[in-house]
Amino acid sequence: MTLKIHHLQMSQSERIVWLAEELGIEYELVYHPRDPFLAPQSIRDLHPLGQAPIIQDGPVTLPESAAIADYMLQKYGSDSGLALGPSDADFAQYLHWFHFATGNMHPQATRVMVLQHCEVDMSGWHAQRHVKQYAKFLKFVDDRVKDNEWLAGARFTAADVMNIFSLTTMRAFTGQDLSDYPNILSYLKRVSEREAYQRARARADPGVPLMIDGPPPPSFFDKIEAAGKK
């Protein structure tokens, strides 16, 4: 039975589509438009959490990005080189960056997004604490890719797959400017040149720009407000 990937419009589930493309496996993509911002009923019908991504693989229905990525790497990518093992010199770096996406970067970007859209004074102490932490994480990534081609080191791995959404598409929700992070911009250019990434983005969200440049991309919230759906 073909692996089925449930992808929510312009969401972190894009990285599961990308991972499938990097692994070169067959999969069925099910696209779920946002309603207008949150997941639609079609996602909520699949799992009690009602969040994307979700995969279905035979009798298995699995949510959670990191769990899905680990599942796919172990079941379909044992010889892909996208996951590093304990005998590899870069194993610790691989593990750190693989989990950095869901443990630090994405949650912090989400906190900033929520504050921006809850009529919070963004100059206040509480908001600034989260904005500065977000900037700290971005600087941490920028420093890492200054002298390393990829996050784990010299080789592209699933750690890169896990982190790119927060540096690209998520910015349509946070308005984050990356102009002060030249190493991240160079890193994103390298990512954008990967054929698997190009295929995944075109298939997951056709017509949506890659968002690899410094200035903030167009706001998704402005888009749905202009359409009278906010």
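Trainee: Does Ser11 count as buried or exposed, going by its relative accessibility?

Mentor: Under 20% relative accessible area is buried, over 50% exposed, and in between partly exposed (1.4 Å probe, protein chains only). Ser11 has 4%, so it counts as buried. Mind you, this is a predicted model: local features need pLDDT of at least 70 and side-chain atom pairs 80 or more, while totals for chains, interfaces and linings use all residues. Residues are numbered from 1 along each chain as its sequence is written, and side-chain values use heavy atoms, leaving out hydrogens and water.

Trainee: Which residues does Ser11 touch, beyond those up to four places away in sequence?

Mentor: Touching means heavy atoms within 4.5 Å. Here, Ser11 touches Arg34 and Phe165. Its side chain also reaches the backbone oxygen of Leu8, at 2.7 Å.

Trainee: Where in the chain is Ser11 placed?

Mentor: Look at the DSSP runs: helices need at least four residues (H or I) and strands at least two (E), numbered from the N terminus. Ser11 sits in the loop between E1 and H1. From E1 (residues 3–8), the chain passes through H1 (residues 14–23) on its way to E2.

Trainee: How many bridges join E1 to E2?

Mentor: Strands pair when DSSP finds at least two bridges between them. E1 and E2 run parallel and are joined by six; Leu8, for one, has His32 in E2 as its bridge partner.

Trainee: In what order do the strands lie in the sheet?

Mentor: Follow E2-E1-E3-E4: an open sheet of four strands with mixed pairing. Its edges are E2 (27–32) and E4 (60–63), each pairing on one side only. Helix H3 (residues 65–76) packs on this sheet, touching E1, E3 (54–57) and E4.

How values were computed
Axes are lines fitted to C-alpha atoms, for helices over the stretch in contact, and angles run from 0 to 180 degrees between N-to-C directions. A crossover is right-handed if, with the strands pointing away from the viewer, the path from the first strand over the helix to the second runs clockwise. A polar contact is a pair of N or O atoms within 3.5 Å; within protein, one must be able to donate a hydrogen and the other to accept it, and residues adjacent in sequence count only if both atoms are side-chain atoms.
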